[in-house]
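Dear colleague,

Please find below the structure that I am handing over to you. My notes on what was found in it follow directly after.

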Amino acid sequence: MSAPNVTIVGGGLAGMVAALRLLECGCKVSLFEASARWGGKAGATLRDGNFEEHGYHIFPAWYRNVRQLVDELGVGDSFRDCTEFKQLNVGSYPEFHTFTNITSARYVWRNLAAGVMPFAETFLFFYAALDLMSQPYRYRASLDEVTVKGFLRSRFYRTERVAQQFQELMLKGISVPTYEVSAMTMRNVMRFWVKSPEPMHRILKGNLQSLWIEPIVGKLVALGASLHLGRRLVGIQIEEFKARALRFVDEHGNEQEHPVDCLLLAIPVEKLTTLVSDELYASAPALGELRQLRTRAMAAFNIYFKSKIPDMPSAHVNLLESRYGISFIDVSQTWRTTNDTTLNLIASDVTDLESLSPQIAVSALMEDLRRFIPFSPTDVKLITFQSHDGQPLFMNNVGGWTFRPTARTQVKNVYLAGDFCQNPIDLVSMEGAVSSALIAADAIRTDLAVGSPVQVLVPPVYPRWLTVLGRFALLPCAAIAKGWMLLSKSDYDPAESDVPPFEANALPNWPIQIVDESLQAQH
């Protein structure tokens, strides 16, 4: 019996991991990617000798499937542990406040006294997390219909600063604002992180492409995968409720047809919806529900300074009350490629900037950043900017779980993978993408009756009774903390995040280079 042929479209993390497992099951795999490199949103693009990452990535301890892959590839030495998350207020550089292994019980007192917020409000912040974690699973439907901000608004202990701190950590940690993300998603993520708290996360000692993506590509090549870059999927031919052929356009604009026996679509949801033709919709009406899912761009930019900025930490830094949700890490202290400071930054909330020119958008981001870190345009050698307008992230919006697809579709030989699919992680993340890929690979393997079951690891969590016990035991303390805050005069001012008006014709002449992968090739 000849090995079954599987075609995978999408060379991001989900497509590559699914290809890897299907090859191990004895399948012949052809993998197609629209862009000029592998890795998708988990990779980096080589520009003038520098790797420009799609955005900095972290690897928490609860990423079990990712960590298993790291062990298989033998790249564990390419990571370093990170235990600190620095918080910086406007105008206070270099005085940072530090959360240390923020979900670890061993560091509770240190984090309560970190000074990010007044002690009482910091306690209420952690109590709110405990309260959400203790909610029963049977409330899944209702928790999926309410935002984290809505959940906090319903609690007696709420304060504006506690809500804002949740917003800060969620924007920088899971890329979704509290006024959009499902409370159920946040509940799940916190339970994973509390059970596996140390180290808080790991990061690579170099760029994602060289140390993470290329080892996976090397394994695929070694197993005999047929790999194709620069192939953009433009159509799926459907006959008798099965996919029969695919139409691709190469980098030169030439159209090619590829026959299909079994098809896995591992492309972003916003690209997938454009492929739902009349014929595909008639065969799989459920795919129309993909349009109910939401995406949102997050900008990334690197700042290459001419020299080393004094007192810059090596840990990730969160800018409190940043207008555009900026956080960053100085990769020069980890990559060791230069002695000059190189900041890898993400702006998590750039809706305001989406219709603006790159020059104005970068200028606005730099003005926001300079409220926190004192530097001048003459200190900067180069700024590389990625708007990601064409490569938005899937959002874990309220009510979205119902519309998220499973691995199998109504088309008999078509499957889906990606962090937008239903999976135990329930979060836009590398672990979500990998988990979805493993689920899809096992569904294909099962239907083709080949190989051994594909293992999908689920992060462990503490039993719910323990969080419920903690919630009730600490309830009197929460009431006291809330009472203290009511008696105290709060100095919190949400308006501090506002960026003052500026003259568009009098902006500094920032040295900007635009890096926009969406302009190269699209699925």
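Predicted model: local features only at pLDDT ≥ 70, side-chain atom pairs only at ≥ 80, totals over all residues.

In the hairpin formed by β10 and β11, two residues lie between the strands, and Glu240 adopts a positive phi near 55°.

One of the pairings links Arg232 to Val249 in β11.

A further point concerns an open sheet. Eight strands make up this sheet, in the order β7-β6-β16-β17-β18-β15-β19-β22, and their pairing is mixed. Which strands stand at the edges? They are β7 (97–100) and β22 (512–514); each has a single partner strand, so one side of each is left without a neighbour in the sheet. From one strand to the next, the twist averages 25°. Strand β16 (residues 316–319) and strand β17 (residues 326–330) run antiparallel, with two bridges joining them. Val317 has Phe328 of β17 as its bridge partner.

I turn next to the nonpolar cores. The largest nonpolar core has 130 residues, and Ile8, Phe166 and Trp212 are the ones that touch the most other members. Helix α4 (residues 119–133) supplies the largest share of this core, namely ten residues. Another core lies apart from it and contains 32 residues, including Val350, Met366, Phe375 and Ile383.

How many cavities of 30 Å³ or more does a search of the whole structure find? The search finds five. The largest cavity holds about 130 Å³ of space. Its lining consists of 14 residues, and those nearest the centre of the cavity are Glu53, His57, Ile203, Leu204 and Trp335. Two elements, β8 (201–204) and α12 (332–335), are those that give two or more residues to this lining. Sorted by class, the lining of the largest cavity comprises eight nonpolar residues, five polar residues and one charged residue.

With kind regards

Technical notes
Residues numbered from 1 in each chain as written. Heavy atoms only, no water. 1 Å grid on protein atoms, 1.4 Å probe; cavity = no way out; pocket = protein on both sides within 12 Å on 5 of 7 lines; lining within 4 Å. Points joined across faces, edges and corners; volume = space filled by probe spheres on them. Helix = DSSP H or I, 4+ residues; strand = E, 2+ residues; numbered from the N terminus. Nonpolar A, V, L, I, M, F, W, Y, C, P; charged D, E, K, R; others polar. Core = buried A, V, L, I, M, F, W, Y, C linked by side-chain atoms within 4.5 Å. Buried < 20%, exposed > 50% of the residue type's maximum accessible area, 1.4 Å probe, protein only. Pairing = 2+ DSSP bridges. Axes fitted to C-alpha atoms, helices over the stretch in contact; angles between N-to-C directions.
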